[in-house]
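Biologist: I would like to learn how to read a few features of a model. Could we go through them together?

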Amino acid sequence: MLFKILLYWAFMALGIYIGFKRKLLSSRQDAREVFFFKWLLTISLALLIFILGVGIGSNQEVIQNLRHIGFSGVLIGMSGLVGSVAFAYAGRKLIGLNRYCQIEEKGAKISHD
Amino acid sequence: MIRMILTSIAAGTAIGYFFEPAFLIEHQGRLIDILICVVMVAIGYEFGRGDNPFRDIRVLGWKVFVIPVMIALGTLLVGGLSGLIVGISFKDAMAVSAGFGWYSLNAVLLSDYSKELSAISFLSNMVRETIGIILIPVVARYIGYVEAVAVPGISAMDLCLPIIEQSTNKNIIIYAILSGTLMCILVPILTPLIIRL
């Protein structure tokens with residue numbers, strides 16, 4: 001698991017390096033290059049979620065257990081989700097971030113891409 | 001974004017259930033790793049090209065750690081309390097919640113303690129990740145960007161990071177990585193600790 005996380009980070013660092021270098025090298029906007037990376041992200045993301053779905057759908061254990069312990073599993077999972085969202089909201093208010101994750105005092109310009 | 005996620009996951013689940021494509025199932029782990037790496041490069045590119053995303057961190061300082069700590073606390077407390085509704089002790093439900101969506105590890109850690117709890121852990125943490133994928137864009141749009149990081153738990157750092165980034169902005173990546181990393185460290189520490197209480 002640790003190795004995988006480090007691997008992911010290494011690939012992200014590679015992407016940051018490429019993006020940073022390209023920004024420094026080119027004065028004009030490389031619209032096609034930016035578009036290509038956006039396209040790559042969308043396609044690989046769709047594939048990723050698709051494969052994840054295949055794993056769930058073909059997992060007999062999960063499908064069968066769904067009837068047995070389904071309710072408690074779903075309830076605990078969803079409660080954790082709701083609880084962390086509620087606490088994140090409180091934490092965000094505490095340190096003064098607005099809903100677009102910008103620091104509120106200095107938030108004169110509001111942009112969300 | 002929401003439509004793309006729903007279509008992909010529905011199509012995947014249906015094909016997995018009805019056709020059980022052997023190749024995809026056998027190489028699922030490897031394929032997911034490769035795709036995450038591709039996704040990471042693409043996110044990194046946007047990250048490197050954009051304006052400095054670490055500006056916030058310099059302004060906020062140590063306060064950035066409030067977000068990951070609150071996310072972990074919220075999961076443990078509310079997750080633990082929910083156990084009382086279904087007739088599981090607060091402690092056991094908290095141990096399950098301490099998976100933060102990492103179903104493989106949490107379920108394995110609990111398997112010696114109780115087989116049933118291990119199965120519940122597998123399901124509940126899987127629900128968190130899967131429902132999380134669908135809810136991230138919804139929470140980002142109607143509640144807030146920081147809250148969207150909280151939704152999937154640990155996978156905010158890997159699998160769900162691109163979904164979070166696409167539904168919010170680049171500022172959020174640092175929070176996603178921070179909270180994912182914190183929870184990643186907490187799972188193998190908290191799970192055995194809680195069941196020994």
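Biologist: In which loop of chain B does B:F100 lie?

Modeller: Gladly! This is a predicted model, where local features need pLDDT of at least 70, side-chain atom pairs count only at pLDDT 80 or more, and totals for chains, interfaces and linings use all residues. Residues are numbered from 1 along each chain as its sequence is written, with chains lettered from A and ligands numbered from 1 in the order in which they are written. Helices are DSSP runs (H or I, at least four residues), numbered from the N terminus. B:F100 sits in the loop between α6 (90-97) and α7 (103-111) of chain B, and its phi is positive, about 50°, although B:F100 is not a glycine.

Biologist: Is B:F100 buried or exposed?

Modeller: A residue is buried if 20 or more other C-beta atoms, placed from the backbone, lie within 10 Å of its own, exposed if 12 or fewer, and partly exposed in between. B:F100 has 32 C-beta neighbours inside 10 Å and counts as buried. Of the 197 residues of chain B, 56% are buried.

Biologist: What does the contact take from chain B and from chain A?

Modeller: Two residues are in contact if their C-beta atoms, placed from the backbone, lie within 7 Å. Here 86 residues come from chain B and 69 residues from chain A. On the chain B side, helix α3 (residues 28-49) gives the largest share, 19 residues.

Biologist: How many helices are there in chain B?

Modeller: Chain B has eleven helices and zero strands (a strand being an E run of at least two residues).
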